[in-house]
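Subject: Structure for you to look at

Hi,

Here is the structure I promised to pass on. Have a look at it first, and then read my notes below.

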Amino acid sequence: MEKAASRLVDHTKLTTGMYIASVDGDITVYELRFCRPNKGPYLSRAAEHTLYHLYEALIANSEYKTSVVWFGASASGSGFHLVTRGMAHSAAIDLVSQMTESIAQWQDEIPSVSEKECSNCTEHDLESAKKWAQIFLIKVKNATQDMLIYPQ
């Protein structure tokens with residue numbers, strides 16, 4: 001049985017950061033890895049949920065919103081995936097860096113947390129989300145395209 005591309009990455013060498021997970025024509029999947037694999041600590045469900053709401057809202061209000069195909073959490077509690085179309089790697093770095101910095105300094109309410117808008121509106125943790133964003137920001141703020149390559 002063939003392995004998915006994400007299973008070909010040596011998770012023992014992987015650290016936190018932003019990576020190109022795959023490229024298919026003009027579609028690029030980026031991995032936003034907040035945690036080291038198998039080392040923890042991992043994102044709590046509440047922090048991950050809050051980060052998702054914040055990134056989602058910031059994408060919807062960004063200049064790149066038409067280039068973002070999808071944004072979602074990874075199943076492992078270690079970060080997120082960003083799927084883009086026709087977006088330069090430098091623009092993706094810029095978008096992720098700007099959004100993460102905004103989240104790290106977030107002072108407003110969490111967007112879209114009403115029962116009408118969210119299927120689990122009671123499970124959020126803004127303070128933890130902000131702390132994770134501050135940690136991740138260190139990795140992406142000055143990222144370059146060369147840093148998007150998985151370690152060998």
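**What I found**

About 310 Å³ of space lies in the largest pocket. Bear in mind that this is a predicted model. Which residues lie nearest the centre of the largest pocket? They are Arg7, His11, Arg33, Ser76 and Ser78, out of a lining of 17 residues. By type, that lining splits into seven nonpolar, seven polar and three charged residues.

**The sheet**

Next, the strands. Four of them make an open sheet in the order E1-E2-E4-E3, and the pairing is antiparallel. E1 (17-24) and E3 (68-73) are the edge strands, each with pairing on one side only. On average, neighbouring strands in this sheet are turned by 15° against each other, ignoring direction. As a bit of background, strands of a sheet pair through backbone hydrogen bonds, either parallel or antiparallel.

E2 (residues 27-33) and E4 (residues 79-85) are joined by seven bridges in the antiparallel sense. If you want a place to start looking, arginine 33 has glycine 79 in E4 as its bridge partner.

On its other pairing, E4 runs antiparallel to E3, with five bridges between the two. Here valine 68 is bridged to threonine 84 in E4. E3 and E4 form a hairpin with five residues between them, and glycine 77 in the turn has a positive phi of about 75°.

**The helices**

How do H2 and H3 pack, and at what angle? H2 (residues 89-104) and H3 (residues 126-140) pack at about 145°, their axes 8 Å apart. Their crossing is left-handed. On the H2 side the contact involves Ile93, Val96, Ser97, Thr100, Glu101, Ile103 and Ala104, and these meet Ala129, Lys130, Ala133, Gln134, Phe136, Leu137 and Val140 in H3. Sorted by type, the contact residues come out as nine nonpolar, three polar and two charged.

H3 also packs on the sheet, where it touches E1 and E2. The direction of H3 makes about 65° with that of E1.

**Two backbone details in one loop**

Finally, take a look at the loop between E2 and H1 (45-60), where you will find proline 41. The peptide bond leading from glycine 40 to proline 41 is cis, with omega near -5°. Asparagine 38 lies in the loop between E2 and H1 too, and its phi is near 60°, a positive value in a residue other than glycine. Why point these out? Because most residues other than glycine have a negative phi, and most peptide bonds are trans.

Happy browsing!

Key
Residues are numbered from 1 along each chain as its sequence is written. This is a predicted model: local features need pLDDT of at least 70, side-chain atom pairs count only at pLDDT 80 or more; totals for chains, interfaces and linings use all residues. Side-chain values use heavy atoms; hydrogens and water are left out. Axes are lines fitted to C-alpha atoms, for helices over the stretch in contact, and angles run from 0 to 180 degrees between N-to-C directions. Helices (H or I, at least four residues) and strands (E, at least two) are DSSP runs, numbered from the N terminus. A crossing is left-handed if the near helix is turned anticlockwise from the far one by less than a right angle, and right-handed if clockwise. Contact means heavy atoms within 4.5 Å. Ala, Val, Leu, Ile, Met, Phe, Trp, Tyr, Cys and Pro count as nonpolar, Asp, Glu, Lys and Arg as charged, and the others, Gly among them, as polar. On a 1 Å grid over the protein atoms alone, a cavity is a set of points where a 1.4 Å probe fits but cannot get out, and a pocket is an open set with protein on both sides within 12 Å along at least five of seven lines; lining residues have an atom within 4 Å of a point. Grid points are joined across faces, edges and corners, and a volume is the space filled by probe spheres set on the points. Two strands pair if DSSP finds at least two bridges between them.
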